[in-house]
Structures are given as C-alpha cells and as structure tokens.
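Subject: Structure handover

Hi,

Here is the structure I promised to pass on. Please open it first, then read my notes below.

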Amino acid sequence: MKSANKNVLDQTSLYQEEYLQENYHKLLRYCLFLTKNEWDGSDLAQETMAKTIQHYSSAIISQNLLKKVAYNKWIDIVRKRQKETLQDVLKEETYHHHLEKALIITDLLLANTTPKQAVIFFLTEAFKFQSAEIAGMLGMTEGAVKAALHRSRRRLEKKEQSSAELIDGFWTQEEKELLPPLFQESLQEEDPAVLIDALPSIFQNNAFDTTYTLPTHTPSNAFKCVA
C-alpha cells in the first residue's frame with residue numbers, strides 16, 4: 001500500500017515538474033519579448049516563476065497568470081530605472097530602450113486617465129488623429145472627444161488631480177489587460193489599426209461606426225522613437 005502511494009506521489013510530482021517546465025519555456029519567450037534583452041528576459045522569467053510558485057499552487061499556475069505577474073514585475077523594474085514623466089518621453093527624439101518607454105507611456109495612461117481618454121489621447125498624440133476622425137470611429141461627438149482629450153492632458157500634466165482609486169474605478173480588468181499591449185503593439189507595428197480593430201470588442205457597450213474608413217497614420221516623431 002505504501003509502495004502504491006509512493007508511486008502515485010512520484011507520478012504527480014513528475015507531472016507537476018513537467019507542467020511547470022513547459023510553462024517556464026513559454027514564459028521565457030514572453031519575457032524576452034517584453035525586455036528585448038537576453039539577460040533581463042532570463043532574470044525576469046526566473047523571478048516571475050519563483051514568485052508565482054511561492055504565492056500560488058501549481059494546480060492554478062497558467063500562462064495568463066505568469067504573463068500578468070511578469071508584466072507587472074517588468075513595469076516595476078522600468079519604474080525604478082526611469083523616473084521620467086510622460087512629457088519627457090514625448091519630447092525625446094532618440095532613445096534606445098524602446099519598449100521601456102512604451103511601458104512607461106501605457107502605465108501613466110492607466111494611472112491618470114479613463115479607458116476612453118487613454119485611447120483618445122493615444123491616437124491623438126501617437127498617430128496625430130484629428131478629433132473629428134476619432135469621433136467618427138468611436139461614435140462620439142467631436143466636442144466630447146476634445147473634452148476628453150483636454151481632461152487627459154490636464155491630468156497627465158498634473159494640472160488636474162484625481163485619486164488613484166477614482167481612476168482605477170473606471171477600468172475593468174479586461175481593459176487593464178488588453179489595452180496596454182495593444183498600445184505597445186500599435187507603436188511597434190507603426191499601425192493604429194492594431195488598436196482600433198480591437199476597440200469594439202473591448203468597449204462592448206458603446207456604439208461604434210463599423211462603416212468608418214481608417215485613414216493612413218504613422219507614429220509622430222516623438223512616439224516613433226518608442227516604436
């Protein structure tokens with residue numbers, strides 16, 4: 001009986017080890033994509049796996065969980081390395097650590113604007129969309145777009161204060177998980193359609209103009225340096 005129990009435990013342990021090893025290899029690829037650096041990527045993957053194993057049982061460890069932990073940890077690392085404001089990012093014309101800048105931009109948008117304001121600000125500043133164009137694709141009035149843009153600029157310039165709890169209350173978990181990667185991918189691909197095509201599924205309760213024709217836009221010089 002003891003021998004049978006031992007075999008079951010050994011098999012379970014082996015399965016868990018193989019499962020974690022498989023997840024680690026996938027996590028490592030994601031971390032290398034995030035950091036664009038072999039050393040940082042390897043360190044991030046190891047620290048993420050160690051932290052996840054420490055706080056969660058192996059039975060619930062998934063790729064989504066690992067990616068979320070890795071993403072949040074990398075943002076913490078970027079914050080420690082870079083203490084610049086968003087305006088510093090936008091004005092800088094040359095910069096080698098592109099993804100770090102993109103992470104700072106999206107992190108600041110999450111912390112200071114509502115989801116709609118973040119999208120409007122991003123399309124305006126990164127791809128130079130006009131308010132009328134954004135209003136057309138989002139099913140909003142041009143005045144509402146301009147008001148949202150004005151409010152987000154004031155918050156980002158610290159001219160208008162809003163509590164973190166208040167801003168966080170406007171974001172759903174899905175919006176927090178989906179919008180930042182879409183901002184980053186749009187910059188890297190130099191294609192706003194990456195973000196725009198996903199908006200109807202993210203903002204499901206909003207009316208979108210599905211007949212709207214997407215104009216051609218490329219990143220502005222300041223944003224292009226983080227693409």
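Start with helix H7. Its buried residues are Ser131, Glu133, Ile134, Ala135, Met137 and Leu138. Keep in mind that this is a predicted model. Buried here means under 20% relative accessible area. In H7, 6 of the 8 residues pass that test, so the helix is largely enclosed by the rest of the structure.

What do the buried residues of H7 pack against? Their partners are H6, helix H8 (142-156), H11 and helix H12 (199-202).

Now take the H6 partner. H6 covers residues 115-127, and H7 covers residues 131-138. Their axes come within 10 Å and cross at roughly 135°. The two helices are therefore oblique to each other. The crossing of H6 past H7 is right-handed.

Which residues meet there? From H6 come Lys116, Ile120, Leu123 and Thr124. From H7 come Ile134, Met137 and Leu138. By class, this contact has 5 nonpolar residues, 1 polar and 1 charged. As background, an α-helix has 3.6 residues a turn, so residues three or four places apart point the same way.

Gly139 follows the helix, and its phi is positive, near 70°.

Glu190 and Phe127 are 63 residues apart in sequence. In space, their C-alpha atoms are 8.6 Å apart.

Best wishes

Conventions:
Residues are numbered from 1 along each chain as its sequence is written. This is a predicted model: local features need pLDDT of at least 70, side-chain atom pairs count only at pLDDT 80 or more; totals for chains, interfaces and linings use all residues. Side-chain values use heavy atoms; hydrogens and water are left out. Axes are lines fitted to C-alpha atoms, for helices over the stretch in contact, and angles run from 0 to 180 degrees between N-to-C directions. Helices (H or I, at least four residues) and strands (E, at least two) are DSSP runs, numbered from the N terminus. Angles under 35 degrees count as roughly parallel, over 145 as roughly antiparallel, 65 to 115 as roughly perpendicular and the rest as oblique. A crossing is left-handed if the near helix is turned anticlockwise from the far one by less than a right angle, and right-handed if clockwise. Contact means heavy atoms within 4.5 Å. Ala, Val, Leu, Ile, Met, Phe, Trp, Tyr, Cys and Pro count as nonpolar, Asp, Glu, Lys and Arg as charged, and the others, Gly among them, as polar. Buried means under 20% relative accessible area, exposed over 50%, partly exposed in between (1.4 Å probe, protein chains only).
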